[in-house]
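Subject: Handover of a structure

Dear colleague,

Please find the structure below, followed by an account of what was found in it. I would be grateful if you read the two side by side.

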Amino acid sequence: GASGCSELATGGSAAAALASVRRIEEWNPHQVRTWMEGLDEVSILPYANHFEECSVSGSQLLAMTHQQLENELHITKVGHQEEILHAIDGLRLLAKESSDTTNDGGNLFKNLRSCCSHMIRLGEE
């Protein structure tokens, strides 16, 4: 589209209430943006708004690849791709662990921020 991203598969509705979404796969683009902003990672932060503009949903985020980051989202810096994918790896682990047991979306978001920020720092060492 005009926002600098190619069409991904159907995006979720940004109108879905945050409190009602408990599984990462059900996140809408606004929730994906909120997660990215919560990472407090300087190189990822500029892409948070871009991901929302491109309607990246939680299920699309979990399935994201280098090729999609480059070809569909036009993120060409390999280092930035790596950092985004490291953060998504953390999400994938949490998605497996919490898919049936999470009752508190707020705690899930807090845990995601903590886990993924830690993973990104580990990737820099």
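Leaving aside neighbours within four places in sequence, Glu70 is in contact with Ile75 and Gln81, where contact means heavy atoms within 4.5 Å. Glu70 and Gln81 are eleven residues apart in sequence, and their C-alpha atoms are 8.0 Å apart in space. Glu70 belongs to helix α4, residues 66-71; helices here are DSSP runs of H or I with at least four residues, numbered from the N terminus. With a relative accessible area of 38%, Glu70 is partly exposed. On this scale, buried means under 20% relative accessible area, exposed means over 50%, and partly exposed lies in between, with a 1.4 Å probe and protein chains only.

The model is predicted, so local features need pLDDT of at least 70 and side-chain atom pairs count only at pLDDT 80 or more, while totals for chains, interfaces and linings use all residues. Residues are numbered from 1 along each chain as its sequence is written, and side-chain values use heavy atoms, with hydrogens and water left out.

Helix α1 and its ends

Helix α1 spans residues 29-38, and seven of its ten residues are buried, so the helix is largely enclosed by the rest of the structure. The buried residues are Pro29, Gln31, Val32, Thr34, Trp35, Met36 and Gly38. At the N-terminal end, Asn28 caps α1, with a side-chain oxygen 2.9 Å from the backbone nitrogen of His30. Just after α1, Asp40 takes a positive phi of about 55 degrees.

The core and the aromatic pair

The largest nonpolar core has 26 residues, and those with the most contacts inside it are Trp35, Phe51, Leu61 and Leu73. Such a core is a set of buried Ala, Val, Leu, Ile, Met, Phe, Trp, Tyr and Cys residues joined through side-chain atoms within 4.5 Å. Two or more residues each come from α1, α2 (48-53), α3 (58-62) and α5 (78-98). The most come from α5, which gives seven residues.

Rings of Phe, Tyr and Trp (its six-membered ring) pair if their centres lie within 6.5 Å; planes under 30 degrees apart count as stacked, over 60 as edge-to-face and the rest as tilted. By this rule there is one aromatic pair. The ring centres of Trp27 and Trp35 are 6.5 Å apart and the planes stand at 45 degrees, so this pair is tilted. Trp27 is buried, at 1% relative accessible area, and Trp35 is buried as well, at 2%.

Salt bridges

How many salt bridges does the structure hold? There are five, each being a side-chain nitrogen of Lys or Arg within 4 Å of a carboxyl oxygen of Asp or Glu. Glu37 forms one with Arg33, the closest N and O atoms being 2.8 Å apart. These two residues both lie in helix α1, four residues apart, about one turn of the helix. Glu37 is partly exposed at 34% relative accessibility, and Arg33 is partly exposed at 23%. Arg33 also meets Glu52 in a salt bridge (2.8 Å, N to O). Arg33 lies in helix α1 and Glu52 in helix α2, so the pair ties together parts that are 19 residues apart in sequence.

Arg23, Glu25 and Glu26 are linked in a network of salt bridges. Within this group, the side chains of Arg23 and Glu26 meet at 3.5 Å, N to O. Arg23 is partly exposed, with a relative accessible area of 33%, and Glu26 is partly exposed, with 44%.

With kind regards

How values were computed: Polar contact = N/O pair within 3.5 Å; in protein donor to acceptor, adjacent residues only side chain to side chain.
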